[in-house]
Amino acid sequence: MRPRPTRGTASAGLLLAASVVYNDWVLQFFLPTGLHQRDSYVSELFAADQPYRILFSLVEIACAALVVAGGALAWSIPPRGWASAGCAATVAFGVFSIADVLMPLHCAPSLERGCPEGSPWHTTTSGMVHFALFASMALFITASRRGHPPWDLVRHWGPWLLAVSMTAAILTVGPFFGHPGGHGLAQRIHLTSVGAWFALLAIAISRYGAGDGPSSCQRRDSGGLSPAKHCRLPSAEDGGGRFG
């Protein structure tokens with residue numbers, strides 16, 4: 001019988017899938033959406049009057065569900081402290097993303113003159129999505145720097161991805177201040193960086209959180225049990241166990 005995947009492995013798999021699905025805007029290269037990649041928001045793809053709104057809405061909701069499930073599984077391993085808060089923020093990000101899809105734009109502002117750049121509800125849910133995202137990134141980066149869990153990849157690359165993602169997100173607000181143009185490109189850079197973040201998080205969890213207990217960080221050899229090469233066993237100095 002094949003062994004069941006651990007919660008850490010399942011969480012990593014879900015987040016890795018989300019990292020790909022999150023960039024569903026690449027489907028624009030294959031579908032005649034009529035929206036220009038450079039000057040349109042991705043949310044225009046599932047605006048209420050767009051021809052492919054159902055397809056993109058379903059993909060967005062599926063991605064959000066993957067993030068919620070992946071974050072919840074990582075939360076249940078369980079981590080502790082900053083990492084636990086990061087998992088909670090990741091789950092919140094997924095929930096807010098679903099709300100964002102359920103409260104779409106009424107029309108595509110890049111196509112229709114007079115169409116507002118956003119609606120009050122959609123702008124609110126989008127703001128909540130970004131807040132939860134950046135909070136989760138900051139919390140996981142803080143946790144990795146404190147060694148709980150000891151995620152070298154997150155500690156090294158997380159700050160760079162956070163900086164790129166936040167800068168690109170800020171550059172998308174031009175149309176709200178009367179300066180349209182290029183915001184679509186900035187948003188797609190932001191989405192690509194978020195996909196890279198989920199992939200980074202998935203790799204970190206799979207490397208350090210693939211097991212549900214101490215036995216996952218041990219292997220039996222001729223001399224008995226010894227730490228596996230990829231594991232960092234808890235010590236008195238870090239005051240607890242690792243992630244998973």
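R146 is found in the loop that joins α4 to α5. In this predicted model, R146 is exposed, because its relative accessible area of 52% is over the 50% cut-off. Along the chain, R146 and W82 are 64 residues apart, yet a distance of 8.9 Å separates their C-alpha atoms. The backbone just after α4 also holds a residue with a positive phi: G147, at about 80°.

The overall plan gives these residues their setting. The secondary structure of the protein consists of six helices and two strands. Read from the N terminus, the order of the elements is α-α-α-α-α-α-β-β. The protein has 244 residues, of which 47% count as buried.

Helix α4 covers residues 120–145, and its 26 residues reach 38 Å from the first C-alpha to the last, close to the 38 Å expected at 1.5 Å a residue. Helix α6 also has 26 residues. From its first C-alpha to its last, α6 reaches 37 Å, which is close to the expected 38 Å. Helix α6 is mostly covered, with 19 of its 26 residues buried.

The interior comes next. In soluble globular proteins, nonpolar side chains tend to be buried together. Here the largest nonpolar core has 41 residues, and the members that touch the most others are F93, F140, W151 and W197. At least two residues of this core come from each of α1 (7–21), α2, α3, α4, α5 (152–170) and α6 (183–208). The element that gives the most is α6, with ten residues.

A pair of aromatic rings is described by the distance of the centres and the angle of the planes. A search of the whole structure finds six such aromatic pairs. One of them joins Y22 and F198 in an edge-to-face arrangement, with 6.0 Å from centre to centre and 85° between the planes. Because Y22 lies in the loop between α1 and α2 while F198 belongs to helix α6, this pair ties together parts that are 176 residues apart in sequence. Y22 counts as buried because its relative accessible area of 12% is under 20%. F198 is likewise buried, at 2% relative accessibility.

Another pair is formed by F140 and W151; this one is tilted, with 5.5 Å centre to centre and 45° between the planes. F140 lies in helix α4 and W151 in the loop between α4 and α5, so the parts that this pair ties together are eleven residues apart in sequence. Both F140 and W151 are buried. Elsewhere, ring pairs link Y22, F93 and F198 into a cluster.

The structure holds two cavities of 30 Å³ or more, and the second largest cavity has a volume of about 40 Å³. The lining of this second largest cavity is made up of Y22, E60, C63, A64, V67, F93 and S97. The elements that contribute two or more residues to this lining are α2 (53–75) and α3 (82–102). Helix α2 gives the most, with four residues. By class, the lining comprises five nonpolar residues, one polar residue and one charged residue.

The largest pocket, in turn, has a volume of about 600 Å³. It is lined by 27 residues, and the closest to its centre are D100, H122, S126, H130 and Q187. Helices α3, α4 and α6 are the elements that give two or more residues to the lining of this pocket. Helix α4 gives the most, with six residues. The lining of the largest pocket divides into twelve nonpolar, eleven polar and four charged residues.

How values were computed: Residues are numbered from 1 along each chain as its sequence is written. This is a predicted model: local features need pLDDT of at least 70, side-chain atom pairs count only at pLDDT 80 or more; totals for chains, interfaces and linings use all residues. Side-chain values use heavy atoms; hydrogens and water are left out. The expected span of a helix is 1.5 Å times one less than its number of residues. On a 1 Å grid over the protein atoms alone, a cavity is a set of points where a 1.4 Å probe fits but cannot get out, and a pocket is an open set with protein on both sides within 12 Å along at least five of seven lines; lining residues have an atom within 4 Å of a point. Grid points are joined across faces, edges and corners, and a volume is the space filled by probe spheres set on the points. Ala, Val, Leu, Ile, Met, Phe, Trp, Tyr, Cys and Pro count as nonpolar, Asp, Glu, Lys and Arg as charged, and the others, Gly among them, as polar. A nonpolar core is a set of buried Ala, Val, Leu, Ile, Met, Phe, Trp, Tyr and Cys residues joined through side-chain atoms within 4.5 Å. Buried means under 20% relative accessible area, exposed over 50%, partly exposed in between (1.4 Å probe, protein chains only). Rings of Phe, Tyr and Trp (its six-membered ring) pair if their centres lie within 6.5 Å; planes under 30 degrees apart count as stacked, over 60 as edge-to-face and the rest as tilted.
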